[in-house]
Each structure stands twice: as structure tokens, then as C-alpha cells.
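Take a look at the chain below.

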Amino acid sequence: MLSTNIQQQIDRELKKYPADQKQSAVMAALRFVQDERGWISNEAIDEVAAYLGMTSIAVYEVATFYHMYNLKPMGKYTLTVCTNLSCTLCGALDTVKYLEQKLGIGLNEVTPDGKIGLREGECMGVCIDAPVATINNKRLCGHLTPEKIDQILAELDK
Ligand code: FES
């Protein structure tokens, strides 16, 4: 069952839309679930669907279309490296390789201590800062170099 906190956040979101358009809040609702639980299970998709009067498959379609939703546990900190065109041209694949070596995991994996997950994502609209990555979809890190990555990982260690 969705927590009171999630329900309250969704209710606030629903005020932005006509009463018969509750599905408009689906992306926000999924975000609230992920913020609280760290990932979005099939049960959570059912819960969001029930709350918004949608079918589960319609919510699932949204959750699987956008790269920012974790459909499995992806660690306390999920690093998402943009591997779209501009970032790849600016070295995103080297960024991924460096992170894989530093963390000892591959894409879509989580470090054994459950701390850091690594995945790739689509263009984040800040190509000018390429190559870029986000931490938990909240913090954007650009112009990534091995030194900058080391600094970011050290900050996550604290
Ligand atoms: S291609 Fe990476 S932010 Fe646009």
C-alpha cells in the first residue's frame, strides 16, 4: 500500500490537473515511490495504478519508457551515465568503462554493499556539459573526467 507520505504527494500533484485526468500525475507518482523506496516494484505499479484509476499495464508502459525509473533495486546511489550521441562523442563510453573498473560492476549492476548502482541513460538535455551523469536523478554531474569521478565517488563514501 502506498504510504501516507506518497499519497499526500500524489494528492498535491493531482490538484494540477482536471479531476477526470488523474493519469496525468503518473510520472510524478512513480517518482514519489522511487524517492521513498529506491525502486519501483510490480506491486508498486499496481498500487499507483489503483490510486490513479489506471490499468497496471498503462503505468508499466510509463515506468518502462523513461530511463529514470528503477525497476529493480539500484543501490543507495544510482549513477546514470548519459550514453546518447553528444555524450558518447565526448567520451561517455570511457566514463562508463572507468566507473565499471572503479566500482567492479557492470551496467545495471549494484556494488556488493548495495551502495552504488550503475546504469546508462538517455539525453538529459545538458549536452553542453558532456559527458554527464546523474546521481539518483537529482544531482547532475558534467564534464566528467576520471579525476572528477574519483571526487564524486569519494563524496558518496562519506
Ligand atoms: S547527449 Fe548526454 S546530455 Fe545530451
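The axis of a helix is a line fitted to its C-alpha atoms, over the stretch in contact, and the angle between two axes runs from 0 to 180 degrees between N-to-C directions. Keep that in mind for the helix pairs below. The model is predicted.

**Overall layout**

The chain has 7 helices and 5 strands. Along the sequence they follow the pattern α-α-α-α-β-α-α-β-β-β-β-α. The C-alpha trace spans about 50 × 35 × 25 Å along its principal axes. Of the 158 residues, 30% count as buried. Take the contacts with a separation of 6 or more: residues 24 or more positions apart account for 55% of them.

**Helices α6 and α7**

Helix α6 covers residues 92-103, and helix α7 covers residues 146-157. The two pack at an angle of about 45°, with their axes 11 Å apart. That angle makes α6 oblique to α7. Their crossing is right-handed. On the α6 side, the contact is made by Tyr98, Leu99 and Lys102. On the α7 side, Pro146, Ile149 and Leu153 take part. By class, this contact has 5 nonpolar, no polar and 1 charged residues.

**Helices α1 and α2**

The axes of α1 and α2 come within 9 Å and cross at roughly 155°. How are these two helices oriented to each other, parallel or antiparallel? Angles over 145 degrees count as roughly antiparallel. α1 and α2 are therefore roughly antiparallel. α1 passes α2 in a right-handed crossing. From α1 come Asn5, Ile6, Gln9, Ile10 and Glu13. They meet Ala28, Ala29, Phe32, Val33 and Glu36 of α2. The residues of this contact divide into 6 nonpolar, 2 polar and 2 charged.

An α-helix has 3.6 residues a turn, so residues three or four places apart point the same way. Check the contact residues against that rule in the structure.

**A closer look at α2**

Helix α2 runs over residues 26-37. At 1.5 Å a residue, its 12 residues should span 16 Å. The end C-alpha atoms are 16 Å apart, which agrees. Which residues of α2 are buried? They are Val26, Ala29, Leu30, Phe32, Val33 and Gln34. These buried residues pack against α1 (4-14), α3 (42-52) and α4 (56-65). After α2 comes Gly38, whose phi is positive, near 90°.

Most residues other than glycine have a negative phi, and most peptide bonds are trans. Some places in this chain depart from that. Two asparagines have a positive phi, and each lies in a loop.

The remaining spot is a peptide bond. Where is the cis peptide bond? It joins Ala130 and Pro131, and its omega is about -5°. Pro131 lies in the loop between β3 (116-121) and β4 (133-135).

Terms used:
Residues numbered from 1 in each chain as written. Predicted model: local features only at pLDDT ≥ 70, side-chain atom pairs only at ≥ 80, totals over all residues. Helix = DSSP H or I, 4+ residues; strand = E, 2+ residues; numbered from the N terminus. Parallel < 35°, antiparallel > 145°, perpendicular 65-115°, else oblique. Left-handed = near helix turned anticlockwise from the far one by under 90°. Contact = placed C-beta atoms within 7 Å. Nonpolar A, V, L, I, M, F, W, Y, C, P; charged D, E, K, R; others polar. Expected span 1.5 Å × (residues − 1). Buried ≥ 20, exposed ≤ 12 C-beta atoms within 10 Å, placed from the backbone.
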